[in-house]
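Here is a short tour of a structure with two chains in view.

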Amino acid sequence: MNIIVCVKQVPDTSEVRINPETNTLIREGVPSIINPYDLHAVEAALQIKEKTGAKVTVITMGPPQAEDALREAISMGADDVRLISDRAFAGADTWATSHALYKAIEKLGYDIILCGKQAIDGDTAQVGPEVAEFLNIPHIAYIRKIEDVGDKTIKVQRLMDDGYDVVESSLPVLLTVVKELNTPRLPSLKGKMAAKKAVITKMDMNAIGAEAGNVGLKGSPTQVKNIFAPQSKADRKMIEGSVEEQVEALIRELGGLKCA
Amino acid sequence: MRIVVNIEKCTGCGQCVESCPFTSIEIKDGKAFINEYCQLCRACLSVCPEGAIIEILEEGDAVEADLSAYKGVWIFAEQREGMAASVAYELLGAGRRLADELKTELSAVLLGSNEEQAKELIKWGADKVYHCNDSIFDKFNDEPYSQMLVNLIRTHKPEIVLAGATPIGRSFIPRVAAKVRTGLTADCTALEIDKNSRNLLQIRPAFGGNIMATILCPNHRPQIATVRPRVMKRGEYDEGRKGGIVPVSASGITCRTKVLDTIKEASECMVNLQEAEVIVSGGRGLGKPEGFKMLEELAELLGGAVGASRAAVDEEWISYSRQVGQTGKTVCPKIYIACGISGAVQHLVGMQSSDIIIAINKNPEAPIFDVATYGIVGDVYEVVPLLIKKLKEAKG
């Protein structure tokens, strides 16, 4: 059995701020990490490997330094990795990103593909399902538990708004996972050594066999028009005075709106 | 497209270096140099005081497609157990506004459910409902939902398609966008029409709510967006509104997944929080779990529910099901009272579309005051008990 895990290197968003004058992101000094949801996907793959002896291949698309994310995956126990990287991939939206991943995955062979439910920088949750559509395989999103992995089928719990569904799918399948699924393991010492020594195989545009019109900015239907800081309301009214006066004024305001 | 530096004009001032979100500009030999990490985001273009950074079009850029065949606004009306979800009515509100602005029709797509629900969608603003009542749609499976919507889009060619950013919408809509080769914007919190181009301006938070982005899909149709629940307002309900129901056949639709069981486990307070007209929320400023007892009393007086910031949940003063914000619930009550909440942007994205926001905080600089309708700088343990007392007196 072959398992492919898609990971993304992202800036730690709890540290990203916007420069209010230029309306651009301040990325200086922001550490890069593996997207937290993707760590749960790697862990899920490793647990299936322990039960079935499957081979786990972790792939990422990104600039050359995304190699660090793959080394981290090896240190956790991944058998193999691929860095999908080419200048032509720059500026890709979710359509062009999924298209490139699909082309790469087609070359690798797969039974189960695992992804984090979304990346914390874009928060779109779109790349996993789009990859499944390109590959013409089923997918199940928001997996909180993998109940059973068979030779031809898989049974999982899918998180919904008001509870969860138990869903069965034929293989091959793509799953996107939520944090409840498991606790990602820490790298072992042996894993860290392996990660250090590993030679990272790169796949560029030729290697995945994609066309220029389908990747990067050119292949992207969406464009970012502009980015800006979240707006604040202009009509706020500060209520001054003693506590007594403040509370009375507030009740007066609320009473006028017939709500209190 | 490529972004390049005109070396003649560049003075090496370095302003572009700071503007680059991807740290891909360096100063080399007194001139700006763009390295291979450039993501073509264009952020540097407007920053350069000399106009030395320019974009160069390459062959294959900006192919103008014929988009005139695409007309009308669609909303996907998701259903669970036959009932249209509340987000469907919110989408009808947003879709009606967009369709009126574009002077075009608003249609809804309903898969599963029954004719009664289809009629309801018309009363809430739809001109037309494409309805397929095949039992294959009773339970949610991604493949039949996406195949059916792809078929309908290819046949009828809408210019805009909106769906709820719910577990259902966010799961199967990406397959639709992949298949019809068009753009999809996730989890939008505002939608506008660009008057000149008729393009849909899709506004959404990114980077955990730290920034907002406006996304365009200029050369592909339809423009598809998922829309965050409880952000858009429902439209006008009109009992006498007329519209057409178009029955659709599910022949040829296939499915490789099967829902074996559906288990409900939403706690009641979670539902209450999102349905509540008044929410009294507490944050780190409460300082202790007992503070929530006081907030409960206030919430009860106002007929509302109690919410919390992530800080208070992390301190284990209250359960996660009460959390409001990016990693909790998005709420949109008539009145939101924030007590001892500083207003981290991750909290603000979950509550800032509330009608009235009252902020009570010791720190006059707290960002919560930036979104507040009414602000009181003071100690929550002085203000709230007095508020409770006065409200009780007023009620007699």
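Domain bounds here come from an automatic or database domain assignment.

## Domains and overall form of chain B

By that assignment, chain B splits into domain 1 (2–56), domain 2 (73–247) and domain 3 (268–395). The C-alpha centres of domain 1 of chain B and domain 3 of chain B are 45 Å apart. The C-alpha trace of chain B extends about 75 × 65 × 40 Å along its principal axes.

This is a predicted model, in which local features need pLDDT of at least 70 and side-chain atom pairs count only at pLDDT 80 or more, while totals for chains, interfaces and linings use all residues. Residues are numbered from 1 along each chain as its sequence is written, with chains lettered from A and ligands numbered from 1 in the order in which they are written.

Chain B holds 11 helices and 22 strands (DSSP runs numbered from the N terminus, helices being H or I with at least four residues and strands E with at least two).

## The parallel sheet of chain B

Look next for an open sheet of 7 strands in chain B, ordered S11-S15-S10-S5-S8-S9-S16, with parallel pairing (two strands pair if DSSP finds at least two bridges between them). Strands S11 (184–188) and S16 (244–247) of chain B are at the edges with a single partner strand each, so one side of each has no neighbour in the sheet. From one strand to the next, the twist averages 20 degrees. At one end of that order, strand S9 (residues 128–132) of chain B joins S16(B) through 4 bridges in the parallel sense, and Tyr130(B) sits opposite Val246(B) in S16(B).

Helix H2 (residues 86–102) of chain B packs on this sheet, touching S5 (73–76), S8 (106–111), S10 (160–164) and S15 (223–227) of chain B, and its direction makes about 175 degrees with that of S5(B). Such angles run from 0 to 180 degrees between N-to-C directions, using axes fitted to C-alpha atoms, for helices over the stretch in contact.

## Helix H3 of chain B

Which residues of helix H3 (residues 115–123) of chain B are buried? They are Gln117(B), Ala118(B), Glu120(B), Leu121(B) and Ile122(B). The buried residues of H3(B) pack against S6 (79–80), S7 (83–84), H2, S8, S9 and S16 of chain B. After H3(B) comes Gly125(B), with a positive phi near 130 degrees.

## Strand S6 of chain A

In strand S6 (residues 55–61) of chain A, 6 of its 7 residues are buried. Strand S1 (residues 2–7) of chain A runs parallel to S6(A), joined by 6 bridges, and Cys6(A) has Ile59(A) as its bridge partner in S6(A). S6(A) also pairs in the parallel sense with strand S7 (residues 80–84) of chain A over 5 bridges, where Met61(A) is partnered by Ile84(A).

## Where the chains meet

The contact draws 79 residues from chain A and 82 residues from chain B (two residues are in contact if their C-beta atoms, placed from the backbone, lie within 7 Å). Strand S11 (residues 163–170) of chain A pairs with strand S17 (residues 257–264) of chain B in the antiparallel sense over 7 bridges. Within that pairing, Tyr164(A) has Ile263(B) as its bridge partner in S17(B).

Key
A residue is buried if 20 or more other C-beta atoms lie within 10 Å of its own, exposed if 12 or fewer, and partly exposed in between; C-beta atoms are placed from the backbone.
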